[in-house]
Amino acid sequence: MAERSFFLFLLLLFLSSAVEFSASIFEDQVGLMDWHQKYIGKVNHAVFHTQKTGRKRVVVSTEENVLASLDLRHGDIFWRHVLGPSDAIEAFDIALGKYVITLSSGGSILRAWNLPDGQMIWESFLKGSRSSKSMLLVQPSVGAEKETVLLAFYGGFLHAVSSIDGEILWRKDLGSESLEIQQIVQPVGIEVVYALGFDGSSQFAAYEINARNGELMKHESVHFSGSFSRENLVVSDGVFVALDASGSILVTVHFQNGEYSLQEMRISSLLGGNFGKAKLLGAKLPHMFALRNDKLTGFLKVTDEGKLETLERINNEVSISDSLSFAEKQRAFALVQHNDNKVEFRVKLGHEWNKDLLQETVNIDPNRGHVENVFINNYIRTDRSYGFRALIVLEDHSLLLVQQGEVVWKREDGLASILDVTTAELPVEKVGVSVSKVEENLHEWLKGHILKLKGTLMLATPEDVATIQGMRLKNSEKSKITRDHNGFRKLLIVLTRSGKVFALHTGDGRIVWSLLLRSLRKSEACTSPTGIRIYPWQIPHHHALDENPSVLVVGRCLPTDSGPGVLSFIDAYAGKEFDSVAPTHSVVQIIPLPFTDALEQRLHLLIDANQRAHLYPRSPEALTIFNREMSNVYWYTVVAENGIIRGYAPKSTSVNEGSDEYCFDPTDLWSIVFPMESEKIVAWVTRKLSEVVHTQAKVIADQDVMYKYISKNLLFVATTSPKGTGEIGSATPDESSLIVYLIDTVTGRILHRMIHKGCQAPVHAVLSENWVVYHYFNLRSHRFEMSVIEIYDQSRADNKDVWKLVIGKHNLTSPVSSYSRPEVKAESQSYFFTHSAKAIAVTSTAKGITSRQLLIGTVGDQVLALDKRYLDPRRKTDPTQAEKEEGLIPLTDSLPIIPQSYVTHALKVEGLRDIITVPAKLESTTLVFSYGVDLFLTRLAPSRTYDSLTEDFSYALLLLTIVVLVGAIFATWILSEKKELREKWR
Amino acid sequence: MSPIMGSCSALLLVAISLASLSSGIALSPGSAEGFSINGRVKIPGLAVKAFGNSGKISDAEVTLNGGSRITFLRPDGYFSFHNISAGTHLIEVSVIGYFFSPVRVDVSARNPGKVQAALTETRRSLSELVLEPLREEHYYEIREPFSIMSLVKSPMGLMVGFMLFAMFLMPKLAENMDPEEMRRTQEEMRSQGVPSLANMLPGAAR
């Protein structure tokens with residue numbers, strides 16, 4: 001009895017420790033199992049810091065709403081801020097050489113950031129009444145001023161803001177219904193601000209405003225016979241250039257000295273022949289501008305007399321930087337042309353077109369696409385001449401710094417916008433590939449372990465600790481490109497928004513290969529392509545290891561659902577596209593089927609906008625397999641806008657025209673229509689297809705058995721009242737309620753329905769095994785809540801009787817069908833949760849034996865691991881002894897947040913969007929990949945690594961013990977020999 | 001909160017200004033466009049431990065209503081949201097290394113300027129919108145300092161311990177046995193030919 005209680009005590013001790021700190025690590029283990037990469041996203045504007053002190057920095061704003069300061073030498077991030085999702089940076093500039101001024105959130109928020117450390121200095125809110133273009137004008141600092149006035153245009157108002165504290169000095173209403181201000185100009189050294197724009201479609205309007213007090217000095221308007229397009233530009237300080245609506249007439253307005261004169265000119269007369277519809281390039285150049293049609297780019301110069309001169313016509317695709325002033329009144333700009341895999345970088349002086357200040361050719365990987373944007377900066381060489389460097393943004397969203405014809409550094413910022421992730425196994429280690437290279441000789445191995453032993457015994461000196469740390473991080477085992485025994489090393493294949501696919505190594509996060517997909521590049525057939533999802537396409541069987549696995553990338557040509565789809569097949573080892581399907585039927589939904597053909601290619605059903613199913617791969621064999629299994633294939637669609645969920649099954653081959661034998665018409669099976677006035681679908685989630693469940697039964701404390709209701713066809717749907725879909729606080733508790741459903745997607749049967757009164761969206765949910773956990777906001781208590789629903793099969797509950805099993809009267813072998821109506825029992829419980837969630841995921845392991853943890857992406861961009869046992873509907877305030885032994889945790893009203901169980905420890909995954917878990921081969925362990933602007937990967941063992949020794953395991957201590965034991969054996973042997981001898985003498 | 005002198009860190013200046021500034025209004029009457037929420041985040045001791053792995057004030061983020069808007073702190077710890085509708089809102093502060101309770105803020109349309117804020121975790125109401133962390137968060141396990149006990153408790157320690165017990169204490173126990181009985185047992189063992197440790201070792205064959 002005592003033994004038993006002792007054993008239970010040990011078990012409890014183990015369990016309690018496992019619950020509390022199963023994700024925790026020591027500080028010196030950072031970077032051992034995890035890696036973290038920081039990105040910023042596609043740069044859309046860059047400003048170089050020209051102050052002497054911080055010359056080596058550049059400030060950039062990106063499409064991911066990131067404002068960052070980068071080191072010009074290495075491209076590292078000094079500081080960075082991720083602004084809110086609706087807080088896109090419209091414009092920014094450096095004021096006084098020490099503040100970064102940003103205009104964001106559509107132009108309504110003006111912020112100043114300290115340039116060295118990124119601390120926000122002030123924040124100012126601009127008020128406007130109309131929608132309008134927003135603009136920011138920061139006067140370049142001349143000498144050591146203390147203050148400068150910032151001009152910001154937002155909502156029809158021109159605001160003058162002090163750069164010291166963000167105080168609004170004056171604001172001027174420049175608006176009427178038809179007036180659109182397009183440009184704000186303040187010529188250097190003049191106290192007049194010009195606000196230029198259009199009044200109606202064919203009236204040019206100009207306002208001259210006193211820069212000191214905002215008084216309107218003059219209003220002028222000039223009539224134009226045609227109508228303006230919205231493309232316009234201010235060239236130098238006194239010429240406004242615009243195009244007419246047809247893009248064939250160029251309009252210039254000279255507005256210097258209070259005189260306004262408008263000139264029209266046909267573009268074809270300037271650039272010759274049939275130029276077609278022209279576009280103005282936005283680059284700000286001195287006394288010149290550029291026009292582009294779909295084939296060529298023309299440069300035009302505005303002479304002092306107001307005449308236009310054609311400078312050059314360039315046939316290739318060209319990117320132009322804004323002009324940069326260097327030296328005394330010299331202005332230069334960069335021109336970048338892309339030919340094949342070479343980039344020609346030219347710097348031209350503003351006043352002399354024919355002379356190139358600099359001409360360099362840089363080799364750039366053709367896999368990066370064409371140049372999208374270029375920003376230049378100058379520096380003084382050692383021989384006092386001027387040198388130029390350029391930041392180049394490429395089609396794959398990467399950022400390059402080019403200097404002296406070399407790429408100094410590059411950043412793969414396409415990884416900041418991951419759309420989808422899949423994994424592939426690495427190739428098996430081949431015979432002949434030597435492993436010994438990574439293993440040191442015995443002496444070093446022993447030395448390393450003795451050092452580690454010292455570390456664990458806290459006897460190590462700081463130098464030793466540093467050596468240990470270095471040794472651990474250097475461990476080349478984890479970054480080998482071969483499969484490992486534990487399955488920790490894999491390839492993460494990610495699809496990014498730029499259409500580039502990257503393969504990342506899970507060991508250290510480096511890029512193994514990357515590929516800019518040809519089928520996802522802009523072309524005439526495909527005007528605005530986007531990737532949607534990525535799927536494993538072919539996973540070679542253990543016996544066919546010489547074949548490479550491949551992945552399927554699905555994209556579409558238009559951002560709408562009805563846009564034609566594109567498919568691309570990529571070899572996961574070589575990183576090459578081996579097949580692609582040109583723009584074809586639309587793709588709304590992709591269903592991987594649980595069947596593979598003889599080549600181990602997985603069958604996929606692609607559902608188009610008309611709900612027809614297209615089968616891939618298009619081979620007769622796949623068709624045979626599909627026809628055989630067709631009666632078991634079902635799918636459903638959720639139309640959130642209309643509140644309808646529909647279930648379908650494929651019918652025999654489509655008879656519609658334009659279809660083929662691989663296209664199947666749908667049969668409507670069922671539909672669930674939610675009343676629009678009271679319920680709106682806010683979230684739906686199903687089980688992960690690859691999830692493995694170990695056991696159907698759950699043994700509870702009193703030796704009772706509960707059978708989990710496990711079905712792959714379970715769908716969780718959450719709806720709220722229409723008022724509850726808005727942001728938190730927009731509804732009162734009486735106005736909103738959350739209703740959750742568990743639906744069988746084959747029959748459309750609602751298995752369970754539950755109402756949470758006074759709760760609202762956003763809802764984040766995860767469904768696994770027989771349970772669903774969801775996170776929502778409770779308006780009554782004004783806190784976030786998490787609920788769990790567990791669903792059990794009652795029809796099998798009678799199988800507990802041993803006699804029934806013996807006689808054979810059980811129904812355990814009866815086939816499980818969705819068409820039978822199982823009696824199910826659902827249990828539920830709710831808890832408070834402190835933080836708002838950005839994503840919820842659940843750990844998944846190879847065999848599903850290990851207990852599960854929930855991974856919650858919190859508002860602070862951290863990932864919290866929470867044991868599933870905290871979300872168990874059987875929790876109660878005072879569990880019995882037996883239940884405690886089972887591991888039931890006493891009920892508390894809120895879920896605990898233990899800092900040690902943040903899997904991201906002291907790091908932040910900025911802009912967190914999703915969390916992915918991938919099982920390792922080792923049952924206890926799972927890989928967790930979370931991504932947003934940053935990437936973070938770690939290894940988790942939800943119940944500790946019970947099936948292998950940890951990396952911390954001290955082999956030296958084991959060796960020491962063995963030595964001591966062997967020594968002791970000899971000692972006892974000698975002693976016993978002596979004693980025996982003594983006995984014999986007696 | 002007492003300012004710490006003797007260092008020229010800018011963050012220390014922040015601490016001093018935090019201590020000297022009087023706390024501000026939490027709500028200001030809005031114009032026709034909406035209301036404003038003004039508040040302040042106060043982290044005692046941040047200046048002192050800013051060199052560790054905990055966050056800096058420039059990295060602090062203040063989130064309104066679960067992510068609809070995000071703002072940052074000014075050097076003195078103040079933050080504000082503008083153009084807010086009347087109703088109940090939720091403010092969350094996130095700084096690495098600290099645990100902040102979300103704050104419920106009621107913006108009343110009838111009494112503009114009325115403050116009503118409460119921590120949702122502790123249900124404590126705030127008279128002014130000054131947010132302080134409930135506790136510090138330590139993300140790492142602390143290594144236990146070396147002790148003989150931890151070594152003894154490890155599996156290898158237990159093995160060595162048992163061996164020592166068998167070597168030195170077992171003979172002592174055996175001595176207490178009756179010599180007659182002892183001899184009988186030994187003879188029994190020899191006659192049965194139980195392989196003893198000595199027999200297995202090389203050179204022990206007699």
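This is a predicted model: local features need pLDDT of at least 70, side-chain atom pairs count only at pLDDT 80 or more; totals for chains, interfaces and linings use all residues.
Me: Is A:H905 buried or exposed?
Reply: A residue counts as buried when its relative accessible area is under 20%. The relative accessibility of A:H905 is 2%, and therefore A:H905 counts as buried.

Me: What is the omega of the cis peptide bond that joins A:Y616 and A:P617?
Reply: The proline of this pair, A:P617, is found in the loop of chain A that runs between β46 (613–616) and α5 (620–629). The bond joining A:Y616 to A:P617 is cis, and its omega is about -5 degrees.

Me: In which strand of chain A does A:P762 lie?
Reply: A:P762 is also reached through a cis peptide bond, which comes from A:A761 and has an omega near 0 degrees. The residue itself belongs to a strand of chain A that covers residues 759–768, namely β56.

Me: How many residues apart in sequence are the parts that A:K708 and A:E769 tie together?
Reply: The side chains of A:K708 and A:E769 meet in a salt bridge, with N to O at 2.8 Å. A:K708 lies in the loop between β52 (705–707) and β53 (714–720) of chain A, and A:E769 lies in the loop between β56 and β57 (771–778), so the pair ties together parts whose separation in sequence is 61 residues.

Me: Are A:K708 and A:E769 buried or exposed?
Reply: The cut-off that decides this is a relative accessible area under 20% for buried and over 50% for exposed. By that rule, both A:K708 and A:E769 are buried.

Me: How far apart are the closest N and O atoms of A:K838 and A:D861?
Reply: The pair links distant parts of the chain, with A:K838 in strand β60 (residues 837–842) and A:D861 in the loop between β61 (853–858) and β62 (863–867), 23 residues apart. A:K838 counts as partly exposed because its relative accessibility is 30%, whereas A:D861, at 2% relative accessibility, counts as buried. The two residues form a salt bridge in which the closest N and O atoms are separated by 2.6 Å.

Me: How many salt bridges are counted over all chains?
Reply: Side chains of opposite charge can pair when their charged atoms come close. One such pair is A:D413 with A:R411, which meet at 3.0 Å, N to O, and A:D413 and A:R411 are buried. There is also a network of salt bridges that links A:K42, A:E63, A:E64, A:E372, A:R497 and A:R913. Over all chains, the count of salt bridges comes to 40.

Me: How much space lies in the largest cavity?
Reply: Rolling a probe the size of a water molecule over the atoms shows where empty space is left. A search of the whole structure finds four cavities of 30 Å³ or more. The space in the largest cavity is about 100 Å³.

Me: Which elements give two or more residues to the lining of the largest cavity?
Reply: The lining has 14 residues, and those nearest the centre of the cavity are A:H835, A:Q862, A:Y902, B:S94 and B:Y98. By class, eight of the lining residues are nonpolar, five are polar and one is charged. The elements giving two or more residues to this lining of the largest cavity are, in chain B, β6 (87–94) and β7 (98–99).

Me: How far apart in space are A:N486 and A:L922, C-alpha to C-alpha?
Reply: A:N486 is placed in the loop between α4 (462–474) and β37 (490–496) of chain A, and at 22% relative accessibility A:N486 counts as partly exposed. A:N486 and A:L922 are 436 residues apart in sequence, while in space their C-alpha to C-alpha distance is 5.0 Å.

Definitions and conventions
Residues are numbered from 1 along each chain as its sequence is written. Chains are lettered from A and ligands numbered from 1 in the order in which they are written. Side-chain values use heavy atoms; hydrogens and water are left out. On a 1 Å grid over the protein atoms alone, a cavity is a set of points where a 1.4 Å probe fits but cannot get out, and a pocket is an open set with protein on both sides within 12 Å along at least five of seven lines; lining residues have an atom within 4 Å of a point. Grid points are joined across faces, edges and corners, and a volume is the space filled by probe spheres set on the points. Helices (H or I, at least four residues) and strands (E, at least two) are DSSP runs, numbered from the N terminus. Ala, Val, Leu, Ile, Met, Phe, Trp, Tyr, Cys and Pro count as nonpolar, Asp, Glu, Lys and Arg as charged, and the others, Gly among them, as polar. Buried means under 20% relative accessible area, exposed over 50%, partly exposed in between (1.4 Å probe, protein chains only). A salt bridge is a side-chain nitrogen of Lys or Arg within 4 Å of a carboxyl oxygen of Asp or Glu.
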